[in-house]
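My notes are below the display.

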Amino acid sequence: MSVELSLEEIRTFLIRCHMLDHYRHKADEEGVLSVFHRLGCVQYDPLNVVGRNPCLVMQSRIGGFTAELLDKCLYENRLLLDGWDKEMSVYRTEDWPYCARIRHCHQLSVIGRLQYRGQSEALSYVDAVMDEIRKRGPLGAKQIDLGSCETSRWGHRKISGAVMDYLFAKGQLGVKKKRNAQKTYALIEDLISPDVLCAGDPFQSDEEFYEWYFLRRIAGLGICWPRNGGGWNGYYLSDRSLRKNVFALLEEKGCITRIHVPEINETLYMCTSDLPLLNSDEGQDGCVRFLAPLDNFLWDRGLIKKLFDFQYSWEVYLPAAKRKYGYYVLPVLYRNRLIARMEPSRQERNYPFTVKNWWWEEGVSVDADIREAVIVSM
């Protein structure tokens, strides 16, 4: 099955998939879970200029969203959890059993990283760290003194930190709370309800898992292509050969639908379950959204370039002399166009942010509606 869409139609559809057309969810726990249900996961990054990545992703989709609401969902009611999906991420606690294979892959990855850094000795302290947390309760790496990792200038400085990273990857520890980027870990059984924790792997085969995991990511992307790109970062998904086979299976089963856009010569796909969104008569609210640098909408920057003629690179880790725009620059979305880039300054007093730099995209006609939408968003 295939559908033909114009470039304008596919842009509008993608904005709708990402819930960037209007604020359809309330600023409450149910609203947050609804966004996560659609996106699957939200990437975590410790940098905080005007909010960390998960908060910026939520703010662009939920009017009135606050960082306190996310913390409540994560560290009070445990509806969400810190885990590993596309890099470091946040996802729904109910997805814990489904991600067992991801945890196993990440556990092996951490072991390999420790070996590469000459820090494998940390694994001999696993029982000691577990015993300390059982006796003393939730702890951070600084609260257990096992010595320093001396053999590498990369990674953890403390043996306890390396051990906790491993136990978190394995799923024996979870994040009890965060203060800035500092994690306090607790036994996973003290954080997740028994019915979720003991549910077991729901998949009878690897193939069943592949179907679920790829469909979850495709839904989170809204529109995708099978070629390599940031949208496929993560275990299993980045395997091009596997991806090709799973795509063929999903298309054969009717789970995904091929899209043809005459303006571009690319094979694109969407979840078949999203077809009703093509006929939605919901309009856009005309509000401006400042998109997080690691927003799910921007994961596949090559695809965004094709569809929106917007070339985006997060320059935060580049030397200042090599940056085209700035240290922490947010794309600016208006209706179904990326119209500008904004570099904010850190929060000051009662202002959420101040604008350090602003660049209009070439070809954007800045009319009264756009000016008003930008002013209101500030």
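The entries follow in the order in which I looked things up.

**Ground rules.** I am working with a predicted model, where local features need pLDDT of at least 70, side-chain atom pairs count only at pLDDT 80 or more, and totals for chains, interfaces and linings use all residues. Residues are numbered from 1 along each chain as its sequence is written, and side-chain values use heavy atoms, with hydrogens and water left out.

**Cysteines.** I searched the whole structure for disulfides and found zero; the criterion is a pair of cysteine sulfur atoms within 2.5 Å. For C73 the closest cysteine sulfur is in C55, 11 Å away, which is too far for a bond. C99 is in no disulfide either, as the nearest cysteine sulfur, in C41, lies 8.6 Å from its own. I then checked accessibility, where buried means under 20% relative accessible area, exposed over 50%, and partly exposed in between, with a 1.4 Å probe and protein chains only. C73 is buried at 0%, and C99 is buried at 1%.

**Helix α6.** I took helices (H or I, at least four residues) and strands (E, at least two) as DSSP runs, numbered from the N terminus. α6 covers residues 126-136, and its buried residues include V126, V129, M130 and I133. These lie on the same side of α6 because they cover an arc of only 100° around the axis, taken from the directions from the helix axis to the C-beta atoms. D127 and K135 are exposed on the face turned away from the buried side. I found the buried residues of α6 packed against α7 (159-170), β5 (173-179) and β6 (182-187). Just after α6, G137 has a positive phi of about 90°.

**R113.** I located R113 in helix α5, residues 100-116. R113 is partly exposed, at 27% relative accessibility. Leaving out residues up to four places away in sequence, R113 touches H106 and D165, a contact being heavy atoms within 4.5 Å.

**Sheet.** I traced an open sheet of three strands in the order β1-β7-β8, with mixed pairing; strands pair if DSSP finds at least two bridges between them. β1 (2-4) and β8 (268-271) are at the edges with a single partner strand each, so one side of each has no neighbour in the sheet. β7 (residues 256-260) and β8 run antiparallel and are joined by four bridges. I noted I259 with L268 in β8 as its bridge partner.
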